[in-house]
Amino acid sequence: DEIEKNNLEATLKLHLHHVEFDYGVAFTKQSLVTQFILDSLRYKILDYALKSNKQRVNFIEQENISESTFYRLLKDVNRSILANFNIKMNTNTKLLGEEHQIRYFYYCLYLEVGVESEFTTDHYFSPVIKKLETAFNVEITKANKNRFLLLYEICEMRNNQGNLVSITYGMKKVIRNNRVFEILLKKIETEYEKISGDNWLNDFHFMFVMANSFPLLGDCKSIMTLVYSEHVQSKNIMYRYSEKFVDELKKLVNDIEIDITFKSKLIQIYIRMLVFEGFFIDDEHLKYDSYFREHRPLLKLKLKQIFEELTDYFKDDNDDFFLFIHSVMLDNTIEYSKLLPAAKIGLESSRDPIFLKFYSRQIQNHLLGEFELVMEPYSPEETYDIVLSDQYTVHDNTKYSYSVRFVPTYEQAMKIKLFLTELNKAELYNHEVDHMNL
């Protein structure tokens, strides 16, 4: 019924032993998920709190729920959603917290649900967008125009309810000595004051900071270079953060090249962390996190170490968002092979050399994509990370030496992988690695 009611171009057919799901070309998983979210009481109460000045009794009557259900819902929403953004809702569905946090939360919520295109009817803000395009000599995409309009309408709804935003200390850090801000202020001051009223300047500060926290102007190199150059010019905390991150990364990753576009995105992320609190964790985030844990363990390990070096720059010690967003950025920017730890293994055996080559290939195949392996017949003149040997000899030219039976099993390869992982962790943190029986 829900699928048919919402015109999702899909049908469910019930059969005796199975269910058949048919869908058209226009159907997407996201459209189904979005509709289920829109129909949920959690979303409805959050949407109601922004768009209505009425009290809880109206929401209870609107949704035909009991007071006890309302209070359970309120407790759930405060605990599982709003607490992450350091805001809460009282029993009259009024939002409590810093105004910039409330506006930021609703922007994140509507983007996450995917309904920003519904906020595109306001014609007053269009001249401002036109002037932005002229000032930067770019064409802002339709998607980003929708996001600007979404942000503007959230601000207008809050203003009309008497909830005015203040300029925070974090915002001042972003705006201080920023020539792009001054240029835009001069170009759109008249238009913005006309549409936003007495609090227009604070609103403009907030919008500018949000545009610097999300890629609202687009990702073209000219924009990224312009934005980054302002931070370089003032040598502000965003610039210092970006340079510190890159310096720490270069210590851990050999021959890595970081361009201005990447540094600009770093600054975007840091501004978001500096000024705002909270982010949504959905199924996609969890999939990414699982992917990084399984396939990019060294990347997460190195980022965690970098985060520890950068804790002075952050408002708190919550590293979840840092690790996730920087993992995605790096994984899409650099070749992971540059992060692979090198490992040199010597093979010492009295067995047939052809068998040893076969064994070596088997081990390398098992560890493909995890380590940059060099496996070769053992030589006393070389140095190794590990020597795998079926001889009872002492090896002074290796970190670790193990007696093994040369049978190319998966289990044996996984033990070597585990040891090499621990060895690299130890080198990163200057620790010793306990001996491991292979």
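Which strand does Ser389 lie in? Ser389 belongs to strand S7, which spans residues 384-389. The model is predicted. Its protein chain has 438 residues, and 49% of them count as buried. The secondary structure amounts to 19 helices and eight strands.

**Whole chain**

- The accessible surface is about 23,600 Å². Carbon and sulfur atoms account for 49% of that surface.
- Take the contacts between residues at least 6 apart in sequence: 69% of them join residues at least 24 apart.

- Ser389 has a relative accessible area of 1%. The cut-off for buried is under 20%, so Ser389 is buried.
- The side chain of Ser389 makes a polar contact with the side chain of Glu348. The contact spans 2.6 Å.

**Helix pair H3 and H5**

- Helix H3 covers residues 41-51. Its axis comes within 10 Å of the H5 axis, and the two cross at roughly 85°.
- That angle makes H3 roughly perpendicular to H5, because the perpendicular class runs from 65 to 115 degrees.
- On the H3 side, the contact is made by Leu41, Arg42, Ile45 and Leu46. On the H5 side, Phe70, Leu73, Asp76, Val77 and Ser80 take part.

**Helix pair H4 and H5**

- Helix H4 holds residues 56-63, and helix H5 holds residues 67-80. Their axes come within 10 Å and cross at roughly 110°.
- H4 and H5 are therefore roughly perpendicular to each other.
- Arg56, Phe59 and Ile60 of H4 meet Glu67, Phe70, Tyr71 and Leu73 of H5.
- Phe70 and Leu73 of H5 are listed in the contact with H4 and also in the contact with H3.

**Helix pair H6 and H11**

- Helix H6 runs over residues 99-113 and helix H11 over residues 200-213. They pack at an angle of about 45°, with axes 12 Å apart.
- H6 and H11 are therefore oblique to each other.
- H6 contributes His100, Arg103, Tyr104 and Tyr107 to the contact. H11 contributes Asp203, Phe206 and Met210.
- The crossing of H6 past H11 is right-handed.

**Non-glycine residues with positive phi**

- Asn64 is not a glycine, yet its phi is positive, at about 55°. Asn64 sits in the loop between H4 and H5.
- The relative accessible area of Asn64 is 72%. Exposed means over 50%, so Asn64 is exposed.
- Thr93 is not a glycine either, and its phi is about 60°. Its place is the loop between strand S3 (88-89) and strand S4 (95-96).
- Is Thr93 buried or exposed? Thr93 counts as buried, at 2% relative accessibility.

**Met89 in strand S3**

- Met89 is part of strand S3. Its relative accessibility is 3%, so Met89 counts as buried.
- Setting aside neighbours within four places in sequence, Met89 contacts Ile45, Leu46, Ala49, Leu74, Asn78, Leu82, Lys94 and Leu95.
- Ile45 and Leu46 are also among the H3 residues that make the contact with H5.
- Met89 and Lys75 are 14 residues apart in sequence. Their C-alpha atoms are 8.9 Å apart in space.

**Phe125 in a loop**

- Phe125 lies in the loop between H6 and helix H7 (126-136). With a relative accessible area of 1%, Phe125 is buried.
- Which residues does Phe125 touch, not counting residues up to four places away in sequence? They are Phe148, Leu149, Tyr152, Tyr192, Ile195 and Met207.
- One of them, Leu149, is 24 residues from Phe125 along the chain. The C-alpha atoms of Phe125 and Leu149 are separated by 7.0 Å.

**Val232 in helix H12**

- Val232 is located in helix H12, residues 221-234.
- The relative accessible area of Val232 is 24%.
- Val232 and Glu243 are eleven residues apart along the chain. The separation of their C-alpha atoms is 9.8 Å.

Definitions and conventions
Residues are numbered from 1 along each chain as its sequence is written. This is a predicted model: local features need pLDDT of at least 70, side-chain atom pairs count only at pLDDT 80 or more; totals for chains, interfaces and linings use all residues. Side-chain values use heavy atoms; hydrogens and water are left out. Helices (H or I, at least four residues) and strands (E, at least two) are DSSP runs, numbered from the N terminus. Buried means under 20% relative accessible area, exposed over 50%, partly exposed in between (1.4 Å probe, protein chains only). A polar contact is a pair of N or O atoms within 3.5 Å; within protein, one must be able to donate a hydrogen and the other to accept it, and residues adjacent in sequence count only if both atoms are side-chain atoms. Contact means heavy atoms within 4.5 Å. Accessible areas come from the Shrake-Rupley method with a 1.4 Å probe; for residues, only the protein chains shown count as cover. Axes are lines fitted to C-alpha atoms, for helices over the stretch in contact, and angles run from 0 to 180 degrees between N-to-C directions. Angles under 35 degrees count as roughly parallel, over 145 as roughly antiparallel, 65 to 115 as roughly perpendicular and the rest as oblique. A crossing is left-handed if the near helix is turned anticlockwise from the far one by less than a right angle, and right-handed if clockwise.
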